[in-house]
Amino acid sequence: MEEGRDPPPGVATAAGYTPARHTVLLDGYPPFSQIKGFVEITRGCPFSCGYCQTPRLFGRCMRHRSIDEIARYASRYRDIRFVTPPNAFAYGSDGVHLRLDRVERLLRSLKGRVYFGTFPPGEVRPECVSRQSVELVLDHCANTRLHFGAQSGSDRVLRRLHRGGHTVEDVVRAFDLCREHGLVPVVDFILGLPFESDDDQRATLDLVKMVARGGKAHIHYFMPLPGTPPLQDARPPVRSFLRRRRFSGNSRSTAE
């Protein structure tokens, strides 16, 4: 790329994107575990969230590293964390129909302090937060919080984002389950989406306030990324309800 040649397939830039022509067998490659004990366990995502590069870079078919390989690399670390597309509970599954039995086998195979469903970079989807999945975290993991993405407090916006089936009600239910089981819910939101109405932004702000009363709201400001149709060329609105309220954030701001 520095020499002016086209980027390799599977790499997105502002100039465009050429899909990769093949995938790799994950067990044949190291899991990027040299930094802080992060072990890559999965690639790919079956959903098509309009702001996310994952399905374009790694495909929509989920691929998983074997439990034996994960355990081999994880044994090098006292604190074990994972690199996975945004749903750690999807390990061993197609991403839509969970296989929590395989998640349990993975967690049972690890020795050390395991952090699962935390950010970065292995949070979960709200519709996958259930009593069974929460109990797996409580039984086998060291984390005291669970990180999941709401992105918006408006079901209309979630549909426009192609979030793939979760609703605001799923977010509230996941929040309540975490609180009921003593886990701190950490919830992602994106502000400045280009198609939000004032009512959509008010709904998001209301949900942020609810989350902040019993957990943590992790606030991001929308930034278009290459290879993320249909939002790659979009821009945040110049005027909005939240701007008038002087309520804005960036990728490192947190409301508590």
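**Close-up views of a predicted model**

View 1. In β6, F82 is the bridge partner of V39. The model is predicted: local features require pLDDT of at least 70 and side-chain atom pairs pLDDT 80 or more, whereas totals for chains, interfaces and linings use all residues. Residues are numbered from 1 along each chain as its sequence is written, and side-chain values use heavy atoms, with hydrogens and water left out. Strand β6 (residues 79-83) pairs with β3 in the parallel sense over 3 bridges; two strands pair if DSSP finds at least two bridges between them. Helices (H or I, at least four residues) and strands (E, at least two) are DSSP runs, numbered from the N terminus.

**View 2. The open sheet β3-β6-β7.** This sheet is formed by 3 strands in the order β3-β6-β7, with parallel pairing. Because β3 (38-40) and β7 (113-114) stand at the edges with a single partner strand each, one side of each is left without a neighbour in the sheet.

**View 3. Strands β9 and β10 and their crossover.** β9 and β10 pair in the parallel sense over 6 bridges, and H220 in β10 is the bridge partner of I190. From β9 the chain crosses through helix α7 (residues 198-214) to β10 in a right-handed β-α-β crossover (with the strands pointing away from the viewer, the path from the first strand over the helix to the second runs clockwise). β10 is mostly covered, with 5 of its 6 residues buried (under 20% relative accessible area, 1.4 Å probe, protein chains only).

**View 4. The largest pocket.** The volume of the largest pocket is about 780 Å³ (the space filled by probe spheres set on the grid points, which are joined across faces, edges and corners). A pocket is an open set of points on a 1 Å grid over the protein atoms alone, where a 1.4 Å probe fits, with protein on both sides within 12 Å along at least five of seven lines; lining residues have an atom within 4 Å of a point. The lining comprises 30 residues, of which Y51, C52, E123, H220 and L225 lie nearest the centre. Two or more lining residues come from each of α1 (54-58), β8 (145-151), β9 (184-191) and β10 (216-221).

**View 5. The second largest pocket.** This pocket has a volume of about 290 Å³. Its lining has 14 residues, with P9, A20, H22, T23 and L57 nearest the centre. α1 gives the most to this lining, with 3 residues.

Key
Buried < 20%, exposed > 50% of the residue type's maximum accessible area, 1.4 Å probe, protein only.
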